[in-house]
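Please open the structure in your viewer and keep the selection tool at hand. The stops below state what to select and what is to be found there.

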Amino acid sequence: MAFPLAALFFLVTARWCLQVAHAGRQVFDVMDFGAIADGETDDSKAFLRTWTKACASPGRPSVVVPKGEYRLHPVVFRGPCKGYMELRLAGVLRAPDDLAAFRGSHEWINFASVDGLLVTGGGTFDGRGASSWHLNECPRNPNCTPLPVSIKLGRVRNVTITGVTSLDSKFFHVIIIGSQDVAIHRVTIRAPRDSPNTDGVHIQASSNVRITDTAVATGDDCVSVGPGSADITMSGVSCGPGHGISVGSLGRRPGEQDVRGLRVSNCTFAGTANGVRIKTWRGGVRPGSVVSGLVFEDIVMRKVRNPIIIDQEYCPYSSISCRHESAQLPSVVKISDVKFKNIRGVSATQVAVKLSCSGANPCHGLELRDIDLSYVKRSVATESRCANVAGGIAGGTLVPPSCI
């Protein structure tokens, strides 16, 4: 009997060890909570039941979405939760085509007040934006109602999104607002070149946000950095098509917070409408916000329009709207301590460097160093143009010659 008892003891011990190992890692499969995964049935309630159960569990609970197609109406995955949440998405989530399904919701997938979250698994968030883009009035009407955002991270902390795809959002793909310690890593974001307002990632009122090794191809900014953003890092981002990586637009509304501490490095732009850009509206209410402590370095431009641009006369609407009385005044936003270093490649516009600052608040502390931007027409030299730049530093290779 000694051998069977020993074997039994081993089996019991092994099972106990497995239970201990998985005690903090419970798995909650949406199929067990009623998801159908036929691409037609609304699975929103099943997803919310799964999230609620997982959120109430300590340790590291994992919400699992197997391969398949899941139709989801707008959902809020709300915290705080007892443990560090994981959403392992292997399938495809599809948004409703009909805007009526949003019932006034401004987002499709909303992660709210969660501290500790990993979203991964190789799956896709399909915003099905093509059904709604023609209804977007925002490119023409400054008083428009925006279409729904695909993914919102609102008042979250310690969040990582990696190894997933966001496809064809109706408006912004991802918005990060009022949040800290967020990482976007190896994410793919795609929408057609002519899809309006499909920014890849928009950051606002958030700090310590990192976007790394991510491919963005959209109809608007690949990444946009809004008011109240601090300590933002982007590295290894490929951008194009799209409108580039932008700080702003800023200065449109009173009381906007400053933008401080941004580093964009080792990024590639291909066929974009802009490269690295700071954009502020004309006019505004004093005192204006401050943009300071920005570094753009080690960047490659491939047939990019406006590779380096500061535009403090930004207005994307018709000439009639932009001729409004307040728009005639210089921007109240103050820009200082901005470095452009080791930026090289091919410009699709002859003016490769345009630093158009505010007449009321000239730019201070700008630096151009080791800039090598040739024009797509090889026989024509590129140019730089400056307005209201109050000194700065220029050094190293400078093609085009510095206007500072």
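Select Asp370 to begin: with a relative accessible area of 35%, this residue is partly exposed, a term for values between buried (under 20% relative accessible area) and exposed (over 50%), computed with a 1.4 Å probe on protein chains only. Asp370 lies in strand E30, residues 364-375; helices (H or I, at least four residues) and strands (E, at least two) are DSSP runs, numbered from the N terminus. Its phi is near 55°, a positive value in a residue other than glycine. The model is predicted, so local features need pLDDT of at least 70 and side-chain atom pairs count only at pLDDT 80 or more, while totals for chains, interfaces and linings use all residues. Residues are numbered from 1 along each chain as its sequence is written, and side-chain values use heavy atoms, with hydrogens and water left out.

Next, select Ala205, in the loop between E17 and strand E18 (207-212). Ala205 is not a glycine, yet has a positive phi of about 50°. Its relative accessibility is 29%, and therefore it counts as partly exposed. Most residues other than glycine have a negative phi, and most peptide bonds are trans.

Two peptide bonds deserve a visit. From Gly240 to Pro241 the bond is cis, with omega near 0°; Pro241 belongs to the loop between E22 and E23. The bond from Gly248 to Ser249 is also cis, with omega near 15°, and Ser249 is part of strand E23.

Now zoom out. The protein has three helices and 32 strands, and its C-alpha trace spans about 90 × 50 × 40 Å along the principal axes. Of its 404 residues, 49% are buried.

Select strand E24 (residues 259-270), which runs parallel to strand E21 (residues 230-235) and is joined to it by five bridges; two strands pair if DSSP finds at least two bridges between them. In this pairing, Ser235 stands opposite Ser265. Strand E22 (residues 238-239) also pairs with E24 in the parallel sense, over two bridges, and here Ser238 stands opposite Thr268. Strand E26 (residues 290-304) runs parallel to E24, with 10 bridges between them; Phe269 stands opposite Met301 in E26.

Which residues of helix H2 are buried? They are Ser44, Ala46, Phe47, Thr50, Trp51, Ala54 and Cys55.

Finish at the largest pocket, which has a volume of about 1,100 Å³, the space filled by probe spheres set on grid points joined across faces, edges and corners. Of its 39 lining residues, the closest to the centre are Phe171, Phe172, Asn197, Arg252 and Arg253. On a 1 Å grid over the protein atoms alone, a pocket is an open set of points where a 1.4 Å probe fits, with protein on both sides within 12 Å along at least five of seven lines; lining residues have an atom within 4 Å of a point. E25 gives the most to this lining, with three residues. The lining divides into 17 nonpolar, 12 polar and 10 charged residues, where Ala, Val, Leu, Ile, Met, Phe, Trp, Tyr, Cys and Pro count as nonpolar, Asp, Glu, Lys and Arg as charged, and the others, Gly among them, as polar.
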